[in-house]
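Please examine the sequence and the three-dimensional model shown below.

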Amino acid sequence: MARIPPGGHWSKDYPWPAVSHEHSIQQLSDDLERAGYHPFSAPCGILLDEANRPKSACIRCSTCDGFPCLLHAKADAEVIGVRPVLDLDNVTLVVDAEVRRLTTDSSGKTVTGVVVSRAGETVTYSGDIVVLAAGAVNTARILLSSASGAHPAGLANRSDQVGRNLMLHNSEPVVVIAKEPNNSAFQKTLGLNDFYFAGDGRPWPLGNIQMVGKSSMVTRRADPLLSTLGLRLNPAEIAGHAVDFWLTTEDLPRPGNRVTVDRDGNIHLAYRLTNQPETDGLRRELTTAMSRIGLTADRVLDKNFFRHKANPIAGVAHQAGTCRFGADPATSVLDLNCKAHELDNLYVADASFLPSMGAVNPALTVMANALRVGEHLLERLS
Ligand SMILES: Cc1cc2nc3c(=O)[nH]c(=O)nc-3n(C[C@H](O)[C@H](O)[C@H](O)COP(=O)(O)OP(=O)(O)OC[C@H]3O[C@@H](n4cnc5c(N)ncnc54)[C@H](O)[C@@H]3O)c2cc1C
Ligand code: SF4
């Protein structure tokens with residue numbers, strides 16, 4: 001599969017072919033190209049071998065959005081990372097266990113215990129190296145809850161950066177009512193990065209446009225909006241014409257956007273939206289693109305069976321940045337290998353490390369960095 005535009009000198013082709021567009025998405029791609037845009041095949045983490053279908057685990061169903069795949073056909077951490085190693089003698093998976101805090105030796109430089117709550121009991125595990133990967137919010141929570149004499153503000157938090165710079169992405173789901181029916185089952189195969197960077201009169205980058213799961217039936221809440229369209233279609237037919245987009249604008253790191261933990265261990269999130277004009281600008285660019293392919297602005301609607309302006313504080317799916325890495329211990333939590341500056345044997349390998357998060361889905365970057373940290377650990381252990 002070709003590299004994704006705008007690419008860069010570091011960019012390479014993907015090793016696997018692109019997932020083919022279904023008819024309506026191919027039509028959309030062709031229309032956009034004719035109008036001067038540069039749609040591309042979005043990378044899809046699904047185990048699908050279109051040339052040799054019997055080998056495919058994925059059946060290209062329409063329920064890929066945000067749910068575990070019952071066929072284990074998503075190329076996610078469970079399928080690609082965890083399941084294949086479960087038979088190894090030196091791997092033990094402990095389930096139904098919640099890490100509460102980490103303990104250190106008296107110098108505060110070495111983690112000596114991982115304190116876990118399991119089935120009402122407290123169990124402490126130990127290891128030469130401890131890698132924390134509980135997601136950006138919970139990793140910060142665990143570190144902040146591990147305050148001690150040696151680390152009074154929370155483990156690895158002399159810089160006061162643990163929990164800060166929380167980023168969530170400015171994401172906006174939009175539904176476009178196409179003229180032709182869209183019978184796609186799996187429509188997440190197309191992306192558009194024409195507005196990713198500044199330029200052409202845009203002072204700042206706007207972000208990425210991609211597809212999201214197909215509307216199967218426009219909800220009742222959407223009906224009043226849709227009736228204004230004057231389309232002679234009933235709700236089911238309108239759902240059949242829906243083409244669903246996901247607009248992503250970069251969320252910028254603000255020190256005041258942060259995770260804190262109160263005395264009872266409850267998580268609190270403080271968050272103020274960044275980059276709002278660029279989020280609105282991306283929506284305008286999508287509307288213009290749709291009009292250039294023959295769809296009027298009143299056919300570009302909020303996909304409001306999510307929520308309007310989809311991801312306020314409650315939408316933390318893309319949480320990142322709470323333990324950013326960097327060369328300077330005064331302004332970052334982790335060093336460039338994602339080892340905590342202040343500890344010898346503590347690493348963080350989840351979305352917390354990101355100092356900025358771009359305007360693309362985060363999982364591939366989080367996975368790539370975790371593999372990089374893994375390679376460093378292999379070297380260190382050998
Ligand atoms: C609905 C939804 C849809 C998404 N869709 C996409 C997408 O299409 N593409 C994309 O790139 N990204 C997507 N994301 C974002 C992506 O899933 C995250 O960016 C990514 O999983 C972050 O990886 P992580 O390792 O930081 O955290 P996670 O993958 O969240 O892993 C953290 C793990 O730690 C565990 N954990 C947390 N606290 C504790 C504790 N105290 N003790 C023990 N275990 C703990 C959690 O159970 C979890 O298994 C989506 C997210 C959601 C919620
Ligand atoms: S949920 Fe459906 S489309 Fe997604 S990986 Fe599984 S089978 Fe494939």
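The account begins with conventions and then turns to the ligand.

This is a predicted model, in which local features need pLDDT of at least 70 and side-chain atom pairs count only at pLDDT 80 or more, while totals for chains, interfaces and linings use all residues. Residues are numbered from 1 along each chain as its sequence is written, chains are lettered from A and ligands numbered from 1 in the order in which they are written, and side-chain values use heavy atoms, with hydrogens and water left out.

The shell around ligand 1 holds 18 residues, of which Val99, Asp350, Ala351, Asn361 and Ala363 come nearest; a residue is near a molecule if one of its heavy atoms lies within 4 Å of it. By residue type, the shell divides into 10 nonpolar, five polar and three charged residues. In this division, Ala, Val, Leu, Ile, Met, Phe, Trp, Tyr, Cys and Pro count as nonpolar, Asp, Glu, Lys and Arg as charged, and the others, Gly among them, as polar. At least two shell residues come from each of β2 (97-104), α3 (136-144) and α7 (363-381), and β2 gives the most, with three. These elements are DSSP runs numbered from the N terminus, helices being H or I over at least four residues and strands being E over at least two.

Polar contacts to ligand 1 involve both side-chain and backbone atoms. A polar contact is a pair of N or O atoms within 3.5 Å; within protein, one must be able to donate a hydrogen and the other to accept it, and residues adjacent in sequence count only if both atoms are side-chain atoms. Asparagine 361 places a polar side-chain atom 3.0 Å from a nitrogen atom of ligand 1. A backbone N or O atom of alanine 133 lies 3.4 Å from an oxygen atom of the ligand, and a polar backbone atom of alanine 363 is 2.8 Å from an oxygen atom of ligand 1. Taken alone, ligand 1 exposes 990 Å², and the protein buries 55% of that; the areas come from the Shrake-Rupley method with a 1.4 Å probe, and for residues only the protein chains shown count as cover.

Side chains of opposite charge can pair when their charged atoms come close. The whole structure contains 10 salt bridges, each a side-chain nitrogen of Lys or Arg within 4 Å of a carboxyl oxygen of Asp or Glu. One of them joins arginine 141 to glutamate 98, at 3.6 Å from N to O. Arginine 141 lies in helix α3 and glutamate 98 in strand β2, so this pair ties together parts that are 43 residues apart in sequence. Arginine 141 is partly exposed at 24% relative accessibility, as is glutamate 98 at 34%; buried means under 20%, exposed over 50%, and partly exposed in between (1.4 Å probe, protein chains only).

Arginine 34 and aspartate 31 form a salt bridge with their closest N and O atoms 2.8 Å apart. Both lie in helix α1 (residues 23-34), three residues apart, about one turn of the helix, and arginine 34 is exposed at 62%. Arginine 164 pairs with aspartate 160 in a salt bridge at 3.0 Å; arginine 164 is buried at 16%, whereas aspartate 160 is partly exposed at 34%. Glu22, Glu50 and Arg60 are linked in a network of salt bridges.

Serine 107 is found in the loop between β2 and β3 (111-118) and is partly exposed at 47%. Its side chain makes a polar contact with the side chain of aspartate 105 at 2.9 Å and reaches the backbone nitrogen of lysine 109 at 3.1 Å.
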